[in-house]
Amino acid sequence: MTNDLVARHATVGEIAASLPGATDVFRRFGLDFCCKGDVALDEAARRRGVDLAEVEGALSALDGVADRTAAPAATPALIDHIFARYHETHRRELPELIRLARTVEKVHAARSDVPRGLADLLQRMASELEQHMAKEELILFPAMKRGGLPLDAPIACMRHEHDDHGEHLRELETLTDGITLPSGACRTWQALYAGLAKLQDDLMEHIHLENNVLFPRFARPA
Ligand SMILES: [Fe+2]
Ligand SMILES: [Fe+2]
């Protein structure tokens with residue numbers, strides 16, 4: 001997608017899927033491009049209370065900028081990329097985030113700004129993500145690689161579970177004041193919030209690649 005195609009009536013998900021670098025812009029403006037990506041850009045900006053012209057300006061400035069998170073174009077390679085770059089990363093990083101959150105909640109229990117309940121939320125996210133990713137790896141992705149089967153039902157199920165992951169991210173933002181460190185936060189707290197910001201970025205990019213890039217390739221023609 002080039003500049004002139006950054007139409008305000010295109011959906012956020014369509015733009016994210018076709019304009020390199022757009023996901024960075026959407027993150028900056030707080031526009032949800034993964035779970036709520038089926039909303040037109042002007043409507044998404046209105047709902048979020050951000051200036052549409054500013055968003056369009058930032059998108060237009062991307063023309064010609066290389067996509068730092070470029071995913072492979074071919075479906076089998078895209079699936080392998082999602083597995084290696086996102087599934088394995090969530091599995092590697094979430095246990096440490098849970099440990100850090102437990103430490104911060106315990107050590108700073110007396111502070112009113114401690115993210116109380118964060119470790120439990122992360123634990124819930126880790127176990128739901130694990131079940132979800134296992135279904136993709138054992139059932140959906142192999143079926144996609146084989147081809148031939150109608151996949152509408154499992155894809156609808158995965159999209160529904162992505163909405164739940166998005167809901168967890170919103171809870172995480174609420175608990176952590178938008179992943180903003182309070183003054184006087186210790187090193188562990190700092191490490192925790194840096195890790196949470198990365199988790200948020202990774203999970204949104206992961207869901208975006210599935211919802212807006214991979215799954216539409218298996219949509220039945222209307
Ligand atoms: Fe996935
Ligand atoms: Fe998924």
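What follows is a working chat about a predicted model and its iron sites.

Colleague: Before we start, what should I know about the model and the numbering?

Modeller: This is a predicted model, in which local features need pLDDT of at least 70 and side-chain atom pairs count only at pLDDT 80 or more, while totals for chains, interfaces and linings use all residues. Residues are numbered from 1 along each chain as its sequence is written, chains are lettered from A and ligands numbered from 1 in the order in which they are written, and side-chain values use heavy atoms, with hydrogens and water left out.

Colleague: Okay, which residues coordinate the iron ion (ligand 1)?

Modeller: His87 (NE2), Glu136 (OE), His206 (NE2) and Glu210 (OE) coordinate it, at 1.9 to 2.2 Å. Donors here are N, O and S atoms within 2.8 Å of the metal (3.2 Å for Na, K and Ca), and water is not among the atoms, so sites may look incomplete. Along the sequence, the donor residues of this ion are spaced H-x48-E-x69-H-x3-E.

Colleague: And what coordinates the iron ion (ligand 2)?

Modeller: The iron ion (ligand 2) has His132 (NE2), Glu136 (OE), His162 (NE2) and Glu210 (OE), at 2.0 to 2.2 Å. Glu136 bridges the iron ion (ligand 1) and the iron ion (ligand 2), which lie 3.2 Å apart.

Colleague: Why is the arrangement around the iron ion (ligand 2) irregular?

Modeller: Its four donor atoms subtend angles of 86 to 172°, which makes the arrangement irregular. By the cut-offs, four donors are tetrahedral if all angles lie between 85 and 135 degrees; four are square planar and six octahedral if opposite donors are over 155 degrees apart and all others between 65 and 115; anything else is irregular. The site of the iron ion (ligand 1) is irregular as well, with angles of 89 to 164° among its four donor atoms.

Colleague: Where do His206 and Glu210 lie?

Modeller: Both lie in helix H8 (residues 187–214), four residues apart, about one turn of the helix. Helices (H or I, at least four residues) and strands (E, at least two) are DSSP runs, numbered from the N terminus.

Colleague: Are those two buried or exposed?

Modeller: His206 is buried, and Glu210 is buried too, where buried means under 20% relative accessible area, exposed over 50% and partly exposed in between (1.4 Å probe, protein chains only). Glu136 and His162 are also buried.

Colleague: Changing topic, how many aromatic pairs does the structure hold?

Modeller: It holds two. In one of them, the rings of Trp189 and Tyr193 have their centres 6.4 Å apart and their planes at 80°, so the pair is edge-to-face. Rings of Phe, Tyr and Trp (its six-membered ring) pair if their centres lie within 6.5 Å, with planes under 30 degrees apart counted as stacked, over 60 as edge-to-face and the rest as tilted. Trp189 and Tyr193 both lie in helix H8, and both are buried.

Colleague: What about Thr23, what does its side chain contact?

Modeller: The side chain of Thr23 makes a polar contact with the side chain of Glu205 (3.4 Å); such a contact is a pair of N or O atoms within 3.5 Å, where within protein one must be able to donate a hydrogen and the other to accept it, and residues adjacent in sequence count only if both atoms are side-chain atoms. Thr23 is found in helix H2 (residues 22–29) and is buried, with a relative accessible area of 6%.
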